[in-house]
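I opened the notebook to go through the fold and its surface. The entries below follow the order in which I looked things up.

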Amino acid sequence: MQNQDQVTPEELVDNTAADEGTQQPDARIAELEAQIAELKDQFLRAKADTENMRRRAAEDVAAAGKYAVGKIAVELLPVKDCLEMALLDTSGNIEAMKMGVDMTLKQLITAFDKAQIIDINPEVGEKLDPHRHQAMSMEDSEQDANTVVRVMQKGYLIADRVLRPAMVIVARPKA
């Protein structure tokens, strides 16, 4: 005779299988939810890192644009100082003034060299280059058509980019 409080081995196997069947999916769900939470955290951190990098890059670009003139400005300060001193000179000595202007021009040329600013000063007879020259007018000349007859104003390049084209007068085509 069996006591009703006793469990048979068959019932024990059936109950364990039933418990595993109900607990295993719950455990798997908890495990998956934990993975989802970890991946969500990783995603949010990566998104925050990306946003921070984007913001820092934008700040760096803004700072670069804002302070890009600093290098040339440092080179131009002595030129400004010399020009101001020349205006304060009341001696009336023309030769000293010319010498001061010449020295100031040399300082400016040095500053331009350091900043890679190059003159565009076409030679008479040079073919018109529309990327570097701006034809202001045409005049009759013995030279070939569309060649430089006279330079009205020099142009300038900075690292192969035209800052200002040279203003020139070109030869008119012969009729």
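In which order do the 3 strands of the open sheet stand? I read the order as E1-E4-E5, with antiparallel pairing. I took two strands as paired if DSSP finds at least two bridges between them.

I noted that the model is predicted, that local features need pLDDT of at least 70 and side-chain atom pairs pLDDT 80 or more, and that totals for chains, interfaces and linings use all residues. Residues are numbered from 1 along each chain as its sequence is written, and side-chain values use heavy atoms, with hydrogens and water left out.

Next I checked one pair. Strand E4 (residues 155-158) pairs with E5 in the antiparallel sense over 3 bridges. Ile-158 has Arg-161 in E5 as its bridge partner.

For the whole protein I listed 3 helices and 6 strands, as DSSP runs (helices H or I, at least four residues; strands E, at least two). The pattern along the sequence is α-α-α-β-β-β-β-β-β.

Last, I looked up the totals. Of the 175 residues, 13% count as buried, that is, under 20% relative accessible area with a 1.4 Å probe, protein chains only. The accessible surface (Shrake-Rupley method, 1.4 Å probe) comes to about 14,000 Å², and 58% of this belongs to carbon and sulfur atoms. Among contacts (heavy atoms within 4.5 Å) with a separation of 6 or more, 60% are between residues 24 or more positions apart.

Definitions and conventions: Buried means under 20% relative accessible area, exposed over 50%, partly exposed in between (1.4 Å probe, protein chains only).
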